[in-house]
Amino acid sequence: MSEYNFREHLSDEFVISEHDVSRLLLRAPYAYKRYTIPKKNGGVRHIAQPAKETKIIQHFMMSEWFSKLPVHECAAAYKSGASIKDNAQRHSDCAYISKFDFVNFFGSITEVDIRNLLVEVFGSQLSEKSIADMARMSCIRDRVTGRLVLSIGAPSSPVLSNAVMFNFDSVVNQWCREHDIVYSRYADDLTFSSNRKGVTFLVEDFLQGTLKELPEPSLSLNTEKTVHASKKNQRRVTGLVLSNDGNVTIGRDRKRLISAMVHRYALGELDNRSIANLQGLLGFALDVEPLFVAKLRGKYTSKVITELMRVRAKKDD
């Protein structure tokens, strides 16, 4: 069996010369469209989407290779069937939760991390050069450090980040099992829950030690986002509220907002942008808490809710 040649495969698959493949590989980390979107806390999130050709090749790599990479069961994002509701439900029966967040998660995962991952998983199937090419094609050049890293906005970043985190997830999950703690990771959001009072306060020191011991990736905790909560205060997991009766809900504030907006819609007072926003909120509520939407139908009539869900809001001039 001949050794797999990534450049040759791309050349055959997309009917382009190997010279053009080389040019694509050379420019891939530089050909990104960068923009920002506002965060709820007032900051901005930096998004970078690869050029069309790079994006197509990333999808190709995902289909051919990256879909075979290992993902730990504790990873609750970026895989089939994953949702914020599923992530929250893992912790719904626990009284105490602690939440942690990584600093610059995707931007901390480097080309070297991706190369090492591909060598570990596909070392017997891929040549060293093919692995180096695939890692480069997956990364953006960081303007500050000059390093090649994953970006928020590239289609291959989520699956690669999950696979790079497999060893971390394995170590953390094993420790949590020994301490009666439930662990899940939704991208860079780490949630730990337990019915043993005080045990989740042990997590932070363990995480700091684990991050120092594991060779890759080089991650650090954003201690400003660390949260400890119990049934005495509102417990939120990936934006959803854990009620004291063990259910997952969208929360009272969101319910009040949606109900008020439906009322205004029924009176014909919502502009097109607000209608589109409300449709998104209703879709979200239907997925997480369908009983709430059923109650809205009872309050405002099924006709109003059905019409609202189906209407195509015109773009504002």
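This is a predicted model: local features need pLDDT of at least 70, side-chain atom pairs count only at pLDDT 80 or more; totals for chains, interfaces and linings use all residues.
Residues are numbered from 1 along each chain as its sequence is written, and side-chain values use heavy atoms, with hydrogens and water left out.

Let's start with the big picture. The C-alpha trace of the chain spans about 65 × 55 × 40 Å along its principal axes. Within the chain you'll find 13 helices and eleven strands; these are DSSP runs, numbered from the N terminus, with helices being H or I of at least four residues and strands being E of at least two. Of the 317 residues, 46% are buried, where buried means under 20% relative accessible area, exposed means over 50%, and partly exposed is in between (1.4 Å probe, protein chains only). Now for contacts, meaning heavy atoms within 4.5 Å. Among those in the chain with a separation of 6 or more, 68% are between residues 24 or more positions apart.

Next, zoom in on helix 5 (residues 111–122) and helix 6 (residues 128–137), which pack at an angle of about 135° with their axes 9 Å apart. Axes here are lines fitted to C-alpha atoms, for helices over the stretch in contact, and angles run from 0 to 180 degrees between N-to-C directions. That angle makes helix 5 oblique to helix 6: under 35 degrees counts as roughly parallel, over 145 as roughly antiparallel, 65 to 115 as roughly perpendicular, and the rest as oblique.

Which residues of helix 5 and helix 6 meet? From helix 5 come Glu 111, Ile 114, Arg 115, Leu 118 and Val 119, and they meet Ile 131, Ala 132, Met 134, Ala 135 and Arg 136 in helix 6.

Take a closer look at Ile 114, which lies in helix 5. Ile 114 is buried, because its relative accessible area is 0%. Leaving out residues up to four places away in sequence, Ile 114 touches Ile 109, Ala 135, Leu 150, Leu 160 and Val 164.

Finally, the cysteines. A disulfide is a covalent bond between the sulfur atoms of two cysteines. With the rule that the two sulfur atoms must be within 2.5 Å, the count comes to zero disulfides. For Cys 94, the nearest cysteine sulfur is that of Cys 176, 11 Å away. Cys 94 counts as buried because its relative accessibility is 8%, and Cys 139 is buried too, at 0%.
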